[in-house]
Amino acid sequence: MGQAAICRSDNACTWDGEEPWLGHGPVIPSVNLLEVLAVIDRVSDLAGLDGTPQTLPIVDFPSAEAALAAASQRVSRALREDRRDAPVASDSADMIDLLLELKETEGRIREARLVQRIATRAKVQEALGRLHGITSVSQLIDRVPEAVCRLGFDRAMISRVHGSMWVPEAFHIDGDPEWAQEILRVGREEPQLLNHMILETEMVRRRGPLLVTDAQNDPRVHQRLAAVSMARSYVAAPIMPEGRVIGFLHADCYMQRRHVDEFCRDVLWTLAQGVGYAFQRTVLSERLHTLRAEVGRLTFDIAKVMDELVDAEVEVARIDREHVAVARSAAAMFVADHSPVDSGLTPREIDVLRLMAAGETNAGIAARLVISEGTVKSHVKHILRKLGAANRAEAVCRYLRMEAGNTTERSQTSNSPAVPRRPR
């Protein structure tokens, strides 16, 4: 089939709308298509049925089923007319055989459609399996659109929800990476506000997928993205681990010049649910790796100080205050010399920090101190700034160092004998 093309601003050619788009949903297997065409030809060969040839193209399962149903009606009508006109027995027998063949073909088409759907569901599991070994969120973002295109789609986009904005993160087009980058650039330059005027907000509200049948004329579609992508119909689904929408998947069959349907929507929705769990697992893995690195660094520092103290040469000398200060300086890399008060923290911020160290969440701290959760967040922000900490874990670590240093100093002070004053 010939295909017309137009050229974009970057001189890359893309299929336009001069030729009709044929087909909805997955492509019908060629073996089934040939079987349908053969039996339809037999109906046409018994020519005098009504003299009307099959005019609608058979390009998908719905059109194949419609063509078979129409052919069955034609044969049945011809049989009724032949009975009234006392037809030749052999002609009636041929028509009955043909009618039986049509019914058998309809059954095989339904079976093939079911088999294809089962196979597509299996591909979803395979696609999710390929994502299991990924430990980086950035890599996962890049790989997900490619996984979507293994399910029968040829264009896919993953985007994130940032506050009240919808921001595209990665776009994949089979065979046209330059066009994918152009679409992604437009989406990032003009992120969409999630308000009641766009369809993606409906996904956030309903916690479910959607099917857009006319992207170019639907006012609720991101107009700039629709224009640069020339989308006709597409499906979209939210990514929502633990029930919270963190992003979206969009997909279509533009390069195949096919419309998507309800089954395509359901397939993408199934994948999006698995992708949500994949993101949750990958984020947790990254955090654990970061924590492991931090713990490893601290453990190395402690081991280093222990080795220095244990391996120090033995001397016949009193451990006076000067020697104590020298010994403590070796531990200064992991034990702070100042208390939380010395860091400029207010009493309330110290209370919040102690509860953070005890493992309380913001909600738990708010309940313990009888303050709002927003106030707790404000205190945490001030604590991080005053301690120069990048996150809660680092702030808690520094607090524990301060407490360890204060405990050591108090212990040494209490164990030091009092020095009697010399009488004058």
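**Group meeting: a walk through the predicted model**

Let me begin with strand β8, residues 247-252, where 6 of the 6 residues are buried, so the strand is largely enclosed by the rest of the structure. By buried I mean under 20% relative accessible area, with exposed meaning over 50% and partly exposed in between, computed with a 1.4 Å probe on protein chains only. Strands here are DSSP runs of E with at least two residues, helices are runs of H or I with at least four, and both are numbered from the N terminus.

Residues are numbered from 1 along each chain as its sequence is written, and side-chain values use heavy atoms, with hydrogens and water left out.

Strand β3, residues 155-162, pairs with β8 in the antiparallel sense over 6 bridges, and S159 has F248 of β8 as its bridge partner. Strand β7, residues 234-239, also runs antiparallel to β8, joined to it by 5 bridges, with A237 and L249 as bridge partners.

Which order do the strands of the open sheet take? The 6 strands run β5-β4-β3-β8-β7-β6, with antiparallel pairing, and the edge strands, each pairing on one side only, are β5 (192-193) and β6 (210-212). At the β5 end, strand β4, residues 165-173, pairs with β5 in the antiparallel sense over 2 bridges, and W166 stands opposite Q192.

Turning to the helices, α4 covers residues 137-149, and its 13 residues reach 19 Å from first C-alpha to last, close to the 18 Å expected at 1.5 Å a residue, where the expected span is 1.5 Å times one less than the number of residues. Where does α4 bend? The bend, of about 30°, is at R143, and a proline, P145, follows within four residues; the angle is taken between axes fitted to the seven residues ending there and the seven starting there. The buried residues of α4 include V137, L140, I141, V144 and V148, and S136 caps the N-terminal end, with a side-chain oxygen 3.3 Å from the backbone nitrogen of S138.

In helix α3, residues 89-131, we find T105, which counts as buried because its relative accessibility is 1%. Leaving aside residues up to four places away in sequence, T105 touches E35, V36, V39 and L68, a contact being heavy atoms within 4.5 Å. R117 is also found in α3, but it counts as partly exposed at 32% relative accessibility.

Finally, a word on confidence, for which pLDDT is the predictor's score for each residue, from 0 to 100. The protein averages a pLDDT of 78, and 75% of the residues score at least 70. Over residues 317-338, however, the pLDDT is below 50, although this stretch has 27 contacts in the model beyond near neighbours in sequence. Residues 418-424 also stay under 50, and there the model has 0 contacts beyond four places in sequence. Where pLDDT is low, the predicted coordinates should not be read in detail.

Key:
This is a predicted model: local features need pLDDT of at least 70, side-chain atom pairs count only at pLDDT 80 or more; totals for chains, interfaces and linings use all residues. A polar contact is a pair of N or O atoms within 3.5 Å; within protein, one must be able to donate a hydrogen and the other to accept it, and residues adjacent in sequence count only if both atoms are side-chain atoms. Two strands pair if DSSP finds at least two bridges between them.
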